Amino acid sequence: VQLQASGGGLVQAGDSLRLSCAASGRRRSVSSYRMGWFRQAPGKEREFVAGYTWGGGTTYYADFVRGRFTISTDNAKKTVYLQLNSLNVEDTAVYFCAATLMPSRTSWYDVGGVDYWGKGTQVTVSS
């Protein structure tokens, strides 16, 4: 599966951004995957942000999201969005779209369990 992420940028604290991840696949339908957004700040490990399963329509968020971020989809376009609201400086990171083939025994948080990564999109929040 190929993942194309976009939507990052430079914003001020308190602003919003919407990230997009367009998924396409030849060998398997994208519906066979669990989609996720991860992020990696400078000097830190990559961490899970939010996820979505096409099959069950399940969404899942990391605790630090605290209602600020919302994942949504356009099923016809096989695109997953991540709406980032009330951004703060600590949200500055490269955000990555990811796909994990289902069924999977790995957890939402498991970076090592991801099968495909998209190129990251930079989100920079200034104070």
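Is Trp108 buried or exposed at 17% relative accessibility? Trp108 counts as buried, where buried means under 20% relative accessible area, exposed means over 50%, and partly exposed lies in between (1.4 Å probe, protein chains only).

## Basis of the values

The model is predicted: local features need pLDDT of at least 70, side-chain atom pairs count only at pLDDT 80 or more, and totals for chains, interfaces and linings use all residues. Residues are numbered from 1 along each chain as its sequence is written, and side-chain values use heavy atoms, with hydrogens and water left out.

## Aromatic rings around Trp108

Rings of Phe, Tyr and Trp (its six-membered ring) pair if their centres lie within 6.5 Å; planes under 30 degrees apart count as stacked, over 60 as edge-to-face and the rest as tilted. The count comes to ten aromatic pairs. In one of them, Phe48 and Trp108 are tilted, at 6.1 Å centre to centre and 50° between the planes. Phe48 is in strand β5 and Trp108 in the loop between β9 and β10, 60 residues apart; strands (E, at least two residues) and helices (H or I, at least four) are DSSP runs, numbered from the N terminus. Phe48 is buried, with a relative accessible area of 3%.

Tyr60 and Trp108 form a stacked pair, 5.5 Å centre to centre with 15° between the planes. Tyr60 lies in strand β6, so this pair ties together parts that are 48 residues apart in sequence. Tyr60 is partly exposed, at 33% relative accessible area. Ring pairs link Phe38, Phe48, Tyr60, Phe96, Trp108, Tyr109 and Trp117 into a cluster.

The charged end of Arg34 sits over the ring of Trp108, 5.2 Å from its centre. A charge sits over a ring if NZ of Lys or CZ of Arg is within 6 Å of the ring centre and within 35 degrees of the ring normal.

## The disulfide

A disulfide (a pair of cysteine sulfur atoms within 2.5 Å) joins Cys21 to Cys97, with an S to S distance of 1.8 Å. Cys21 lies in strand β3 and Cys97 in strand β9, so the pair ties together parts that are 76 residues apart in sequence. Both cysteines, Cys21 and Cys97, are buried.

## The nonpolar core

A nonpolar core is a set of buried Ala, Val, Leu, Ile, Met, Phe, Trp, Tyr and Cys residues joined through side-chain atoms within 4.5 Å. The largest has 36 residues, and those with the most contacts inside it are Met35, Trp37, Leu82, Leu84 and Tyr95. Strand β9 gives the largest share of this core, five residues.
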